[in-house]
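Here is a briefing on side-chain contacts, for a reader who works with models. Look through the structure first, then take the points by topic.

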Amino acid sequence: ANVTSETHGSEKYKDHNSGFSSDIHRLFVCCALRPDITAYRSIIDRAINLNTTEKIRTYQRTWDQCSTKKNVITSWDMLDHVCDEYYNDTDITISNNVPPIIRI
């Protein structure tokens with residue numbers, strides 16, 4: 001029988017460069033997507049088709065995408081810390097639970 005291996009799919013993309021124009025844009029996007037990144041992490045944590053090494057490599061890709069010249073992300077705790085500092089420094093708050101106010 002011919003058996004093929006399927007994974008979560010990110011290995012199919014050769015260019016992992018996000019194309020952000022600056023570190024502040026990269027950080028803003030990663031921090032804004034933190035709830036989504038947490039959900040992604042949960043999916044990878046439970047993936048039975050990935051061993052521990054593959055899971056760490058997958059996490060590292062996310063950390064690399066969220067790293068800046070000032071902060072090289074090497075763990076989920078570090079990403080949380082950097083995002084908390086970013087929001088404290090910029091006085092920006094983002095809530096996924098509250099829709100934006102639309103005035104007509």
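## Side-chain links in a predicted model

Cys30 is buried, at a relative accessible area of 6%. The model is predicted. It holds two disulfides, three salt bridges and three aromatic pairs.

**Disulfide Cys30–Cys66**

- Cys30 and Cys66 are bonded, with an S to S distance of 2.2 Å.
- Cys30 belongs to helix H1 (residues 23-32) and Cys66 to helix H3 (residues 52-66), so this bond ties together parts 36 residues apart in sequence.
- The S-S torsion of Cys30 and Cys66 is about -95°, so this disulfide is left-handed.
- Cys66 has 2% relative accessibility and counts as buried.
- Cys30 is buried too, because its 6% relative accessible area falls under 20%.

**Disulfide Cys31–Cys83**

- Cys31 is joined to Cys83, S to S 2.1 Å.
- Cys31 sits in helix H1 and Cys83 in helix H4, so the bond ties together parts that are 52 residues apart in sequence.
- The torsion about the S-S bond of Cys31 and Cys83 is about -90°, so this disulfide is left-handed.
- Cys31 is buried, with a relative accessible area of 3%.
- Cys83 is buried, at 0% relative accessibility.
- What pattern do the disulfides follow, with bonded cysteines counted along the chain? The pattern is 1-3, 2-4.

**Salt bridges of Arg34**

- Side chains of opposite charge can pair when their charged atoms come close.
- Arg34 pairs with Asp80 in a salt bridge, and their closest N and O atoms are 3.4 Å apart.
- Arg34 lies in helix H2 (residues 34-46) and Asp80 in helix H4 (residues 76-90), so the bridge ties together parts 46 residues apart in sequence.
- Asp84 also forms a salt bridge with Arg34, at 3.3 Å from N to O.
- This pair links distant parts of the chain, with Asp84 in helix H4 and Arg34 in helix H2, 50 residues apart.
- Is Arg34 buried or exposed? Arg34 is buried, with a relative accessible area of 17%.
- Asp80 is partly exposed, at a relative accessible area of 32%.
- Asp84 is partly exposed as well, at a relative accessible area of 39%.

- Arg41 and Asp45 meet through their side chains in a salt bridge, 3.9 Å from N to O.
- Why does this pair count as a salt bridge? It counts because the 3.9 Å distance is within 4 Å.
- Both residues lie in helix H2, and Arg41 is four residues from Asp45, about one turn of the helix.
- Arg41 counts as partly exposed, with 33% relative accessibility.
- Asp45 is partly exposed, with a relative accessible area of 38%.
- Shared partners join Arg34, Asp80 and Asp84 into one salt-bridge network.

**Aromatic pairs**

- A search of the whole structure finds three aromatic pairs.
- One of them is Tyr59 with Trp76, an edge-to-face pair, 5.3 Å centre to centre with 75° between the planes.
- Tyr59 is in helix H3 and Trp76 in helix H4, so the pair, 17 residues apart, links distant parts of the chain.
- Tyr59 counts as buried, with 6% relative accessibility.
- Trp76 is buried, with a relative accessible area of 10%.
- Trp63 and Trp76 have ring centres 5.4 Å apart and planes at 70°, so this pair is edge-to-face.
- Trp63 in helix H3 and Trp76 in helix H4 are 13 residues apart, and the pair links distant parts of the chain.
- Trp63 is buried, with a relative accessible area of 8%.
- Which residues form one aromatic cluster? Tyr59, Trp63 and Trp76 do.

How values were computed: Residues are numbered from 1 along each chain as its sequence is written. This is a predicted model: local features need pLDDT of at least 70, side-chain atom pairs count only at pLDDT 80 or more; totals for chains, interfaces and linings use all residues. Side-chain values use heavy atoms; hydrogens and water are left out. Helices (H or I, at least four residues) and strands (E, at least two) are DSSP runs, numbered from the N terminus. Buried means under 20% relative accessible area, exposed over 50%, partly exposed in between (1.4 Å probe, protein chains only). A disulfide is a pair of cysteine sulfur atoms within 2.5 Å. Rings of Phe, Tyr and Trp (its six-membered ring) pair if their centres lie within 6.5 Å; planes under 30 degrees apart count as stacked, over 60 as edge-to-face and the rest as tilted.
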